[in-house]
Amino acid sequence: MKLYTCEYCYKEFEPTRRRVQKYCSNSCRSKAYHYRQVVPNTLTTSQLKSKNISTTSTPQQTKNESISAIGIGNAAAGNILADGLKALLTSSENKPATKKDILDLKSLITQRYLPINNLEKNQHGQSPFYDIETKSLVYLNTF
């Protein structure tokens, strides 16, 4: 049986598959893949071997970020500041409706008499209202 040389660890191994194997194990194959992702692909493995460059170097570790009380405080302060500025700079017409606003509209719609603001009071001092049930104009005393 012919022996092959692993392209990652350079050990000789006997292939276990029909096709030509480049690596002696799955771990060498995986390590070679991760190494290729980190190191620029300027030199081939045969050039690395001839120049005695180690291929087992590990990539640099990134800083591990953790949650701290200072970070939480900064996030809360930023959120409060942003909400306050939004409340100050948004006009009342563009603010979202609250539950009270919706209940006020519901009570206005369910009332029988709706005030008419663009008509003047009659000669008896009564204000004009629209009667929803009879669909007519009615003058009522307001107190």
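Three strands form an open sheet in the order β3-β4-β5, with antiparallel pairing, where strands are DSSP runs of E of at least two residues and helices runs of H or I of at least four, both numbered from the N terminus, and where two strands pair if DSSP finds at least two bridges between them. Because β3 and β5 (136–140) stand at the edges with a single partner strand each, one side of each is left without a neighbour in the sheet. From one strand to the next the twist averages 40 degrees, taken between N-to-C directions of lines fitted to C-alpha atoms, on a scale from 0 to 180 degrees. The antiparallel strands β4 and β5 are joined by 5 bridges, and Tyr130 has Leu137 in β5 as its bridge partner.

This is a predicted model, in which local features need pLDDT of at least 70 and side-chain atom pairs count only at pLDDT 80 or more, while totals for chains, interfaces and linings use all residues. Residues are numbered from 1 along each chain as its sequence is written, and side-chain values use heavy atoms, with hydrogens and water left out.

The whole structure holds 3 salt bridges, each defined as a side-chain nitrogen of Lys or Arg within 4 Å of a carboxyl oxygen of Asp or Glu. One of them joins the side chains of Asp131 and Arg112 (2.8 Å, N to O), and this pair links distant parts of the chain, with Asp131 in strand β4 and Arg112 in the loop between α4 and β3, 19 residues apart. Arg112 also meets Glu133 in a salt bridge (3.7 Å, N to O); since Glu133 lies in the loop between β4 and β5, the pair ties together parts that are 21 residues apart in sequence.

Elsewhere, the largest nonpolar core consists of 6 residues, Cys6, Tyr8, Phe13, Tyr23, Cys28 and Ala32, a core being a set of buried Ala, Val, Leu, Ile, Met, Phe, Trp, Tyr and Cys residues joined through side-chain atoms within 4.5 Å.

Notes:
Buried means under 20% relative accessible area, exposed over 50%, partly exposed in between (1.4 Å probe, protein chains only).
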